[in-house]
Every structure is written in C-alpha cells, then in structure tokens.
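User: I would like to learn how to read a protein model, one feature after another. Please give the general idea each time, then the case at hand.

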Amino acid sequence: MRTRFDRELETLNLEMIQMGSLIERSIESTVQALIEKDVELAQEVIGYDKDIDDMEREIETRCLRLLLQQQPVAADLRLISTALKMITDMERIGDNAADIGEITCRIAREDYIKELRHIPMMAEATIRMVKGSVDAFVHRDLEKAQQVIDTDDEVDDLFEEIKAELIGMIHQDADCGAQAVDFLMISKYLERIGDHAVNIAEWVVFSLTGEHKNHRIL
Amino acid sequence: MSEPIKFSIQDVNLYYGDFQALHHISLDVPQNSITAFIGPSGCGKSTMLKSLNRMNDLVEGCRIEGDILLDGVDVYRQMDAVELRRRVGMVFQKPNPFPMSIYDNIAYGPRTHGVKSRSQLDEIVEESLRAAAMWDEVKDRLKKSALGLSGGQQQRLCIARALSVKPEVLLMDEPTSALDPISTMKIEDLVLEIKKKYTIIIVTHNMQQATRISDRTAFFLHGEVVEYDDTANLFSMPKDKRTEDYITGRFG
C-alpha cells in the first residue's frame with residue numbers, strides 16, 4: 001500500500017547507520033591519533049568532517065522531502081523529526097572529533113606531561129554512548145537509549161577527575177600549563193560528545209514514546 | 001474536557017435491515033469544539049453523523065438502539081425531528097444551493113420557521129452571510145441565482161444557510177472534498193472562526209484537515225469507534241495499532 005514511503009524510510013535508516021559509523025570511527029581514530037601521536041591519522045579525522053557534513057545535508061534533504069511529500073503522522077512523523085534533530089548533534093560530534101585532531105597535530109611532537117589514563121577511558125565511554133544512541137534509533141530500542149542517558153554521569157565524573165588532576169599538575173609545575181590546557185580542552189570535547197549522544201538518545205526516546213525529556217511536545 | 005457535553009452518544013447500534021452499520025458507539029462531544037470523524041469508506045462515520053439529526057429516519061429499514069442525547073435530552077424519544085434539525089444543521093459534501101437567489105437561499109429556513117418581517121429577514125441574511133465570511137463578496141448580487149456562484153462560494157452559502165436558523169450544532173459531511181485548496185482553506189478558517197458559537201462535527205477523509213482544525217478525533221472502523229482522543233494525541237501517538245496503520249496509510 002505504501003511501498004515507496006517504506007523504501008524511503010529504509011534508506012533513511014541506512015543513511016543514519018552510515019553517518020553513525022562515520023562519527024564512531026571519527027572519535028575512535030581521533031583518540032588513537034592522540035595516544036599514538038599519529039599526525040597523519042589526526043589529519044584524516046579532520047578530513048572526515050567534510051564527509052559528515054555531506055551526510056548531514058543528504059539526510060536533511062531526504063527528511064524535508066518526506067515531510068513535504070508524505071505529510072507523515074504518528075510513528076512516521078516522530079521518526080523523521082527525530083532523524084532531523086539527531087543529525088545536528090551527530091554533525092557536532094564530528095566537529096568535536098576534528099577539534100581534538102587539530103590539538104593532536106599541534107602537540108604530537110612534544111613529550112606529554114602525563115600518561116594518558118582517563119582520556120582513553122572517557123573516549124571508550126563516549127564511543128559506547130554514541131554507538132548506543134544510534135543503535136537505539138536504528139533498532140527502536142528504548143532501553144538502549146535510556147542506558148546512554150544514564151552513562152552521561154560516568155563521563156562527567158571522568159571529566160571532573162581529569163580537571164582536578166590537571167589543576168594539581170599546574171600547581172606543581174607551571175611549565176606544564178600549556179599542555180594541561182590542551183588536555184583539558186580534549187576532555188571537554190569528549191564530554192561534549194557525551195552530551196550530544198544524550199541529546200540523540202533523548203530524541204530516540206521521543207520517537208518511541210512521544211515524550212521528550214518527560215514532556216509531551218506534540 | 002472543561003466544556004459541557006453537547007452530544008452524548010451512548011451505546012448506539014444502528015442497523016440497515018439485517019446489516020449492522022454501527023456497533024456499540026459511545027462518545028461525548030464537548031460544546032464549542034470541533035470533532036472530526038475519520039475512517040475508511042463504509043466505516044460508519046457518515047451514518048453516525050446523520051444519526052445525530054435523525055437524517056436516517058428517512059432511510060427505509062433503518063433501526064437504531066441506544067441513546068443520543070443533545071444537552072441531555074434524547075433526540076429520538078423526547079424531541080421533534082423538525083426542532084432537532086433546526087438546532088442541529090448540516091452541510092454536505094457537494095454544495096447544494098437551492099435553485100433560487102442567494103437571498104432566498106438564506107431566507108428559506110427562517111421563513112419556514114415563521115419569520116415574515118422583511119427587515120428581520122434582511123438582518124438574518126446579512127448576519128448569516130457575514131458569519132460565513134462571504135457578505136462582502138455577494139452583498140451587491142443578493143438577487144442573483146446562487147447557482148452562478150463558484151463551488152467554494154456555493155459551499156460557504158450552504159454554511160450560511162445552515163447558520164440562518166441559529167443552530168447550536170453544525171454537522172459537516174466532507175464539506176471540502178469537492179473544493180480547490182483556496183476554497184478549502186476558507187472553509188477551514190470559517191469553521192475555526194464559528195467554533196466560538198457552535199459545536200461542530202466534521203467527517204473528513206483528509207487527515208491533514210483533521211489535524212488542522214479539530215480538537216478531538218474519532219477513528220471509525222467497521223462500524224466501531226477504535227479510538228477517540230485529542231487530535232494531537234491521536235495523530236502523534238495513537239494508542240491502537242489499527243489507528244496507527246490507518247492514519248499512516250497502511251490500509252484504507
């Protein structure tokens with residue numbers, strides 16, 4: 001009865017999976033580049049940003065065209081509007097990964113003031129969140145979306161730990177200040193990525209329940 | 001629902017001979033609201049609408065059980081059909097102006113109900129045409145035939161004619177399905193405007209129209225009401241899978 005519309009929605013789902021895996025790879029690579037001081041890889045991540053922007057535009061166009069042509073209601077409307085909201089956060093995640101890549105390019109030649117312990121942990125948690133939020137959308141999985149929202153505290157706690165540690169280091173040796181600030185920025189970017197994943201998960205909850213942050217918005 | 005109940009439909013069954021067209025319908029229509037009836041063809045929504053002012057009385061073999069109350073009064077047992085139809089007007093899918101002047105179309109109802117004074121009729125005609133947002137369009141040609149009007153104007157004339165006897169409820173059976181988008185928009189604006197004074201029940205096949213103008217929507221299927229809810233709820237988060245499937249175009 002509505003094969004064309006269903007096909008379009010399937011394509012939208014596929015594109016969301018593609019964009020999702022692109023941003024996941026982007027975060028993974030940017031953290032790997034930082035740890036291994038791999039400038040080439042960092043530059044590759046900066047290059048992903050353009051691909052991610054292109055995907056955002058493509059998905060945006062598809063969603064707007066579906067709104068125009070199908071005037072969707074009910075689950076269709078929630079799904080398409082959720083995709084439209086999600087891609088903004090996904091694109092920002094790409095930006096944040098590229099921002100980390102740029103810092104890596106700058107500091108890769110220096111000796112790090114500390115061994116990176118918390119940052120890889122944060123990266124692991126945020127990648128898990130991003131992956132979870134996109135999976136939750138693709139598989140219409142409410143529980144998974146809720147897990148992402150709950151994981152945010154873990155990332156926030158790690159950020160606070162890193163901040164405290166860096167402040168301590170600056171107290172002891174003012175010379176490490178420049179790099180400490182860079183690491184703080186990197187942690188902040190990761191923490192922001194976690195926030196974007198939470199935003200995505202909250203929209204996934206909306207698409208499944210009609211409620212956004214416990215409010216009926218339609 | 002803060003508004004008082006205008007129509008209360010209580011466990012209504014309706015039969016055309018052996019065929020049961022409505023099954024245990026119960027729903028309350030609040031006053032000064034717009035209620036939309038939606039559903040696939042043959043689902044009973046028009047039958048339900050027509051039962052409200054007893055248009056089915058004229059259909060041979062039609063039998064109705066249950067209660068339909070207008071302001072708490074049983075319309076089948078405690079009310080005269082002519083009085084009921086004055087209080088509950090109707091507008092049909094195809095504009096059906098009488099083959100007479102614009103003025104006489106509007107004056108017809110009030111005359112039937114005994115209004116004779118010329119000045120009083122003039123007043124009713126102007127008031128009704130203004131209410132239907134077409135006074136300025138036709139005030140200089142009131143004596144011209146209503147059949148010369150465009151389809152959209154004819155339909156608004158029919159609304160004006162329905163309003164001329166000062167009804168309380170307006171039943172509309174797909175009132176814009178034969179109209180172009182501009183005329184449709186004018187009728188929708190008009191319906192939203194007159195809702196302040198009247199209670200409106202509209203049958204529509206146009207989902208977007210239901211979402212644009214109605215406060216509540218009832219989804220009919222196979223002679224039953226599957227779901228009746230605030231329109232925003234029904235179209236964003238329907239509770240019943242059959243509602244979801246119908247409004248998203250999976251059947252019907």
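User: Which strands make up the open sheet of chain B, and in what order?

Analyst: Helices (H or I, at least four residues) and strands (E, at least two) are DSSP runs numbered from the N terminus, and two strands pair if DSSP finds at least two bridges between them. In this predicted model, local features need pLDDT of at least 70, side-chain atom pairs count only at pLDDT 80 or more, and totals for chains, interfaces and linings use all residues. Residues are numbered from 1 along each chain as its sequence is written, while chains are lettered from A and ligands numbered from 1 in the order in which they are written. The open sheet of chain B has six strands in the order 6-7-8-3-9-10, with mixed pairing. Strand 6 (88-91) and strand 10 (224-230) of chain B are its edges, since each pairs on one side only. From one strand to the next the twist averages 15°.

User: How many bridges join strand 3 to strand 8 of chain B?

Analyst: Strand 3 (residues 34-38) and strand 8 (residues 199-203) of chain B run parallel and are joined by four bridges. B:Thr35 stands opposite B:Ile201, a residue of strand 8 of chain B.

User: Which strands does helix 1 of chain B touch?

Analyst: Two residues are in contact if their C-beta atoms, placed from the backbone, lie within 7 Å. For angles, axes are lines fitted to C-alpha atoms, for helices over the stretch in contact, and the angles run from 0 to 180 degrees between N-to-C directions. Helix 1 (residues 45-52) of chain B packs on the sheet and touches strand 3, strand 6, strand 7 (169-173), strand 8 and strand 9 (216-221) of chain B. The direction of helix 1 makes about 150° with that of strand 8 of chain B. Helix 6 (residues 151-163) of chain B lies across strand 6 and strand 7 of chain B, at about 170° to strand 6.

User: Which residues have the most contacts inside the largest nonpolar core?

Analyst: A residue is buried if 20 or more other C-beta atoms lie within 10 Å of its own, exposed if 12 or fewer, and partly exposed in between. A nonpolar core is a set of buried Ala, Val, Leu, Ile, Met, Phe, Trp, Tyr and Cys residues joined through C-beta atoms within 7 Å. The largest core has 125 residues, and those with the most contacts inside it are A:Val130, A:Ala201, B:Phe37, B:Ala160, B:Leu171 and B:Ile201. Helix 6 (residues 177-209) of chain A gives the most to this core, with 14 residues. Leaving aside neighbours within four places in sequence, A:Ala201 is in contact with residues including A:Ser133, A:Ala136 and A:Val148.

User: How many residues of chain B are in contact with chain A?

Analyst: 13 residues of chain B are in contact with eleven residues of chain A. Helix 8 (207-213), helix 9 (231-236) and helix 10 (241-247) of chain B each give two or more residues to that side. Helix 9 of chain B gives the most, with three residues.

User: Where does A:Lys37 lie, and is it buried or partly exposed?

Analyst: A:Lys37 lies in the loop between helix 1 (3-36) and helix 2 (39-70) of chain A. A:Lys37 counts as partly exposed because it has 15 C-beta neighbours inside 10 Å. Its phi is near 55°, a positive value in a residue other than glycine. B:His24, in strand 2 (residues 19-30) of chain B, has a positive phi of about 45° although it is not a glycine.
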